[in-house]
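Please keep the sequence and the 3D view at hand while reading.

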Amino acid sequence: MELIHLRGRSSDVVVDLSHGAPVIVYWGAPLVADADPAVFVVATERPLLNGSPDVVAPIAVVPEHGSGFPGRPGLLGHRRRGTAWAPRFGSAEHEQQDNRLIVTARDPVAELQLVVSFELDEALVVQAELTNTSPTERYLLDGLSMTLPIPQHAAELGTFSGRWTREFHPVRIPWTHGAITYENRRGRTSHEHPPLLFAGTPSFGEWQGSVWGAHLAWSGNHSGLAERLPDGRRYLQLGELLHPGELSLEPGQTYRTPEVIAVHSEVGLTAATQQFHRHLRARPSHPTSPRPVLVNTWEAVYFDHDLDRLRRLADRAALVGIERFVLDDGWFGSRRDDTSGLGDWWVSPDAHPDGLGPLIEHVTRLGMQFGIWVEPEMVNPDSDLYRAHPEWALTTNGYEPVLARHQLVLDLAQPAAYQHILGQLDTLLRDHDISFIKWDLNRDHIGGSGHDGAAGTHAHTIAAYRLLDELHARHPGVEIESCASGGARIDHEILRRTARVWTSDCNDALERQTIQRGTSMLIPPELMGAHIGPEHSHTTGRRHDLAFRAATALFGHLGVEWNLLSLSDAELDALTDVVALHRRFRPLLHGGDAVRFDTDEASIAHGVYATDRSEALVSFALISTSAGLTPPPLHLPGLRHDGRYRVEQVSLPGQHLGPNRSQLAWLSGGTTMTGAQLETLGLQLPALHPESAILLHCRAV
Ligand code: GLA
């Protein structure tokens with residue numbers, strides 16, 4: 001038995017190398033210093049079962065059908081005549097350096113080599129590479145997924161449902177027997193299936209229960225599986241989903257999987273998801289400057305670009321304290337509506353007769369950064385680009401392509417198409433003082449083939465990453481936002497090259513409460529674009545006052561997506577106060593630990609704690625009428641138990657609390673409580689109107 005013990009910041013992992021393909025035999029709370037990991041292996045050894053093979057095949061990181069594993073194999077593929085379909089890896093070698101482990105296993109019969117790497121720090125990162133070692137024969141790869149064993153008492157799953165304008169809705173499913181699976185074939189991370197699964201002890205909450213979570217850092221097709229085997233064992237499996245024939249390995253070629261990033265906590269979901277946040281914050285590209293409050297022109301002017309109007313919008317933005325002005329769709333090519341122009345990334349003389357210069361100068365003179373919208377991976381058939389190069393679109397010869405929003409995906413895997421787009425974007429950035437790009441992706445990949453006639457999503461995804469990397473290298477100061485019809489491309493791999501995500505096209509504060517809660521299970525607040533929209537939401541038709549919209553948007557990377565020219569002086573003053581409030585709390589909001597609280601279904605409570613627990617900003621929102629006339633006391637676990645905190649309400653402009661305000665003495669002047677009291681007694685909140693929120697500030701005294 002050869003066991004490797006990795007120690008992370010909040011959990012330990014033990015890997016058994018004696019089977020060839022590595023097996024995680026322990027993934028959980030840190031083990032005591034002198035723990036002998038062999039004890040686990042012996043204590044958890046499984047008996048042989050009647051009616052089953054004479055071996056108990058382990059749940060390896062890449063489990064093997066050929067070794068007797070009864071679930072879904074980690075590696076799917078074969079050679080031309082159907083051989084090498086059930087490989088068995090043996091003879092593992094390994095290299096270990098502190099908390100990193102690389103295991104190499106070979107199958108001389110199938111002529112394949114598997115390299116699995118582990119890194120355990122804030123989170124556990126697992127990745128594999130498969131090499132075709134045959135000197136002569138191609139290997140047809142159908143899938144290589146990473147598999148993580150989950151303890152048997154984790155009998156509940158946390159997944160997500162979603163769609164356009166309703167992303168990241170958390171869903172709980174009892175995990176009793178059999179398999180639960182999702183498959184994403186939309187060619188982008190998707191609104192529907194964020195590549196993220198949690199498993200935990202029944203009813204695991206934000207602050208209680210054991211939780212294991214896994215995210216596939218990938219922006220293309222993917223699948224996720226949670227299976228409970230008939231013998232009771234459980235596992236999660238995540239990997240890239242490959243279309244038939246999409247990938248084959250020529251002799252000597254290697255396929256590398258996306259990373260699986262995994263987290264674990266013995267004290268609930270909030271602590272587990274903070275590991276995702278810390279993992280992202282530790283990357284070298286993580287933004288360190290204060291996140292500029294931005295104004296986005298989309299819901300203010302849509303395609304109606306008029307220099308004078310845009311300048312006046314910029315004036316008002318500067319007046320309320322906004323720091324970045326983002327010109328959305330409509331500035332280029334023939335793009336006067338969404339039917340044409342994608343692919344022609346030159347400034348439209350119709351929309352901007354004197355170019356973008358006058359607007360950019362105006363914006364930068366006002367002290368704001370200038371940002372611009374692009375959608376470089378797409379092309380409209382009605383564009384100069386498509387007329388010149390129809391062969392650059394991901395279509396399939398002989399079939400009429402399926403359009404979506406009148407557009408097709410550009411096959412960036414074709415070097416000429418790639419170079420053309422790179423050249424256009426490079427020129428745009430070289431010729432203009434642009435600090436920020438909103439990089440959009442507004443359609444699914446459907447049935448699109450590359451130039452060789454095979455499915456093109458994998459190659460396109462890699463090429464899109466390369467394009468972003470190349471632009472970063474050439475223009476290191478330019479920040480990029482990942483948008484895909486709102487939140488259809490939110491994952492850790494796109495976030496290696498982007499400084500924030502556009503969380504959702506829905507700016508309705510009520511919807512955003514849930515969307516942002518779900519999204520916060522994967523990314524920290526400073527990466528989550530959150531805008532104050534108009535009173536009347538464009539996507540739902542609901543109306544909300546500024547206080548609720550502000551309380552909701554404050555907890556992300558704040559923006560304003562509202563026609564500021566339509567605001568009264570009083571509204572402008574109120575918005576100025578909101579922007580100032582965000583800027584006051586920004587270091588806490590964007591540097592602290594995001595926390596969520598368990599509440600009844602009528603409310604959503606969350607906040608941010610300073611990492612040293614000296615301060616906290618907490619939001620409690622009533623999202624529908626509740627059974628009780630007042631909310632139950634709000635408990636705030638996780639502050640310093642023996643610390644004393646001054647708790648005060650943060651008043652929001654125009655905020656109107658419900659009828660019981662006068663009954664709560666503490667609300668008018670604040671109160672002082674210990675962290676222990678805040679956790680165990682909680683704080684009585686006033687009766688609130690549905691679709692409103694109250695903010696509390698706790699400061700150690
Ligand atoms: C997508 C984005 C929006 C906006 C439009 C522009 O839908 O998600 O925010 O940029 O495209 O066409």
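The model is predicted. Its open sheet is built from 3 strands in the order β1-β2-β3, with antiparallel pairing. The largest pocket holds about 980 Å³ of space, and strand β3 gives the largest share of its lining, 6 residues.

**The sheet**

- Strands β1 (3-7) and β3 (23-28) are the edge strands, and each of them pairs on one side only.
- On average, neighbouring strands of this sheet are turned by 15 degrees against each other, with direction ignored.
- In general, strands of a sheet pair through backbone hydrogen bonds, in either a parallel or an antiparallel manner.
- Between strand β2 (residues 12-16) and β3, the pairing is antiparallel and runs over 5 bridges.
- Val-13 has Trp-27 of β3 standing opposite.

**The largest pocket**

- The lining of the largest pocket consists of 33 residues.
- Nearest the centre of this pocket lie Ile-24, Val-25, Thr-44, Arg-46 and Arg-233.
- Two or more lining residues come from each of the elements β3, α1 (38-43) and β9 (139-150).
- Divided by class, the lining comprises 20 nonpolar, 6 polar and 7 charged residues.

**Where the two topics meet**

Key
Residues numbered from 1 in each chain as written. Predicted model: local features only at pLDDT ≥ 70, side-chain atom pairs only at ≥ 80, totals over all residues. Heavy atoms only, no water. Pairing = 2+ DSSP bridges. Helix = DSSP H or I, 4+ residues; strand = E, 2+ residues; numbered from the N terminus. Axes fitted to C-alpha atoms, helices over the stretch in contact; angles between N-to-C directions. 1 Å grid on protein atoms, 1.4 Å probe; cavity = no way out; pocket = protein on both sides within 12 Å on 5 of 7 lines; lining within 4 Å. Points joined across faces, edges and corners; volume = space filled by probe spheres on them. Nonpolar A, V, L, I, M, F, W, Y, C, P; charged D, E, K, R; others polar.
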